[in-house]
Amino acid sequence: MIRLAVVSGKGGTGKTVVTAGFAALNDRAEILADCDVEAANLELLVSAQWAHTSPFEGAETAVIDPEKCWGCGRCAELCRFGAITVGDDAVAVCEARDCEGCGLCERVCPNGAITLRPRISGVVLRSATEYGPLSHARLYPGSGNSGLLVQTVKRQAEKHPGAADLLLIDGPPGTGCPLISTVSGTDAVVVVTEPSLSGLHDLRRVIGVCRRFDLRIVAVINRWDLDPGAAGRIEAECAALDVPVIGRIPFDPAVIEAVRAGRPITVTDSPASRALAGCWETLRRELALTWRVEGPPSSCSAGPSPDCEHHTEP
Amino acid sequence: MKIVVASGKGGTGKTTVAANLAFALSRSREVVAVDCDVEAPNLHLFFPSPAHELPVRVPVPAFDPARCTLCGECGRFCRFGAISVLLTEVFFLPDLCHSCGGCRYVCPEKAVRDEYRTVGSIRCARPSPSLTLIGGALGEGEVQGPAVVRYTKQLAKGAPLVIYDAPPGIGCTVIETMKGADACLLVTESTPFGANDLALAAEVARQLELPTGVVINRSDGDDRAIRQVCRELGLPVLMTIPFDRDIAAVQNRGGLIAREHEGWSSRFSTLFNDTCGMGGAA
């Protein structure tokens, strides 16, 4: 199975639209995963039918028993995260959203008033969609710990029964913990960027982080015609970084219409839809290299041909 | 007054709103703008100016081999798997360390001391005499985003008027950004994605008891759905920015509509007054 993640660095460049577009174009068995657990939107484009939910236990957090607490304040003094305060009533209270679960307070409490307990900080979901099973999640607002939830979503997708050729992941924005959890173990990432100064700046950062992993990186420029000059600078930057640009998608009001209608842009015909189909064809040729390891693909025209040993830009 | 500009969904225009608000207000008073989107910091792109850079350093343990008896207490204590006590040495993985200081505390031999590791940087600039820019940036491949946000915000402590540009999402770094603010502006767009993520971000702001208003960005005129969501959430819509290729172009090249397009500077001043008023009403 090929593991492909769609990422961006900068938010709002069109990751979810691209992911859903690829999901609809791919004609091989696929599993979908939405690793943007803080703002999960893929389900809104693939008509997801919730089939299974399970609670997500984030890291443990400290719980203080007010009956046992003497209010000595040792825990509050040593907590480096400022999670514990001793109130006027001389009882220590731990604010769960600030607690990192290190356990130092539990260790130092002279009265055994503190225990670390798992905290339910979200829900892990498994849904059926027209394009294949979807593994996704909802992080409860104010919980934190999204990196761990990303791992849980990925693990659930990997364990899905039945063979699939592609694990297609809608990634989170940013370059930190959730992004690192998303791209680790993938074979390739598609970086979706846009022709702006911010888009260019974040593209560099996200490529820098992805380079730390053994994976293939390609880029897509979304809404490129809003600033063709900036799009050109992004292409030059990608060339300098040796990252192939597999396509440019024009600004197209049909995209917002498709999002409002809750369907992938690629199920209807429009300029953006055609551009995305072109990206997918190029990507398929790229990925065919890996697909061949597990036997020649039945429907990928570029698959068994020796041509795809060497990637060539169209 | 400390105002946080957040969104839930990425790319809705947080930085646009934060940058224009800071610029418009700096015409009449001292403003400190703080970029807390440490994973993808972009606020400085709108205010090119020379900057000082400071490292963000977090404490990590250093083990003194002369004192360490390899008893293994620190390794048993560390819940993050950062310490393995081997037969002849202590093996430490700094990437996994949360800087809790527990290993130092539990060591019976006092063989652990704090050392400092750089996990990010803070960029300080003064693009105009009344505008100070403080921007956090997480180091490449690092995961201690909340720590970088915390240190970045500290540098703005005591300033009378602070604007925080938050990261997208509703996770650790967003919570760290919102903590201690007086009011929150949520920037959204009129799509189902915008509506879904607005509700999530509004819930975080509600938990932190921040008076919250909404800015609808890139409006194509059909905002009924998003306005309905705002009504249901009890959030006032304080500003609407239309979708317009000119506005997008100004933004994309790092310009400010409050500087370049007539009328926007006073609109952002009004947005500030409405935000303060909302705080008073709450």
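In this predicted model, B:D35 stands opposite B:D165 in strand β8 of chain B. That pair belongs to the pairing of strand β2 (residues 31-35) with β8 (residues 162-165) of chain B, which are joined in the parallel sense over 4 bridges.

**Strand β2 of chain B**

- On the other pairing listed for β2(B), the partner is strand β7 (residues 131-138) of chain B, again in the parallel sense, over 5 bridges.
- Within β7(B), B:T132 is the bridge partner of B:V32.
- Strands of a sheet pair through backbone hydrogen bonds, and the pairing can be parallel or antiparallel.
- B:V31, B:A33 and B:D35 point one way from β2(B), while B:V32 and B:V34 point the other way.
- In a regular strand, side chains alternate between the two faces of the sheet.
- Of the 5 residues of β2(B), 5 are buried, so the strand is largely enclosed by the rest of the structure.

**Helices α6 and α7 of chain B**

- The axes of α6(B) and helix α7 (residues 224-233) of chain B come within 10 Å and cross at roughly 20°.
- Angles under 35 degrees count as roughly parallel, and α6(B) and α7(B) are therefore roughly parallel to each other.
- Their crossing is right-handed.
- From α6(B), the residues B:G194, B:A195, B:L198, B:A199 and B:A202 take part, and they meet B:A225, B:I226, B:V229 and B:L233 of α7(B).
- Sorted by class, this contact of α6(B) with α7(B) has 8 nonpolar residues, 1 polar residue and no charged residues.

**The sheet of chain A**

- In chain A, 9 strands form an open sheet with mixed pairing, in the order β3-β6-β7-β2-β8-β1-β9-β10-β11.
- At the edges stand β3 (49-64) and β11 (245-249) of chain A; each has a single partner strand, so one side of each is left without a neighbour in the sheet.
- On average, neighbouring strands of this sheet are turned by 20° against each other, direction ignored.
- Strands β1 (residues 2-7) and β9 (residues 188-193) of chain A run parallel and are joined by 4 bridges.
- The bridge partner of A:V7 in β9(A) is A:V191.
- Helix α4 (residues 146-158) of chain A packs on the sheet and touches β2, β3, β6, β7 and β8 of chain A; its direction makes about 160° with that of β7(A).
- Helix α6 (residues 197-210) of chain A also packs on the sheet, where it touches β1, β9 and β10 of chain A; its direction makes about 170° with that of β9(A).

**Contact of chains A and B**

- The contact takes 49 residues from chain A and 46 residues from chain B.
- On the side of chain A that touches chain B, the elements giving two or more residues are α3, α5, α6 and α8 of chain A.
- α6(A) gives the most to that side, with 7 residues.
- The residues of that side divide into 19 nonpolar, 19 polar and 11 charged.

**Two loop residues with positive phi**

- A:A90 has a phi near 60°, a positive value in a residue other than glycine.
- A:A90 lies in the loop between β4 (84-86) and β5 (92-94) of chain A, and this residue is exposed, with 12 other C-beta atoms within 10 Å.
- B:E209 is not a glycine, yet its phi is positive, at about 60°.
- B:E209 is found in the loop between α6 (192-207) and β10 (212-219) of chain B, and this residue is exposed, with 8 other C-beta atoms within 10 Å.

Conventions
Residues are numbered from 1 along each chain as its sequence is written. Chains are lettered from A and ligands numbered from 1 in the order in which they are written. This is a predicted model: local features need pLDDT of at least 70, side-chain atom pairs count only at pLDDT 80 or more; totals for chains, interfaces and linings use all residues. Two strands pair if DSSP finds at least two bridges between them. Axes are lines fitted to C-alpha atoms, for helices over the stretch in contact, and angles run from 0 to 180 degrees between N-to-C directions. Two residues are in contact if their C-beta atoms, placed from the backbone, lie within 7 Å. A residue is buried if 20 or more other C-beta atoms lie within 10 Å of its own, exposed if 12 or fewer, and partly exposed in between; C-beta atoms are placed from the backbone. Ala, Val, Leu, Ile, Met, Phe, Trp, Tyr, Cys and Pro count as nonpolar, Asp, Glu, Lys and Arg as charged, and the others, Gly among them, as polar. Angles under 35 degrees count as roughly parallel, over 145 as roughly antiparallel, 65 to 115 as roughly perpendicular and the rest as oblique. A crossing is left-handed if the near helix is turned anticlockwise from the far one by less than a right angle, and right-handed if clockwise.
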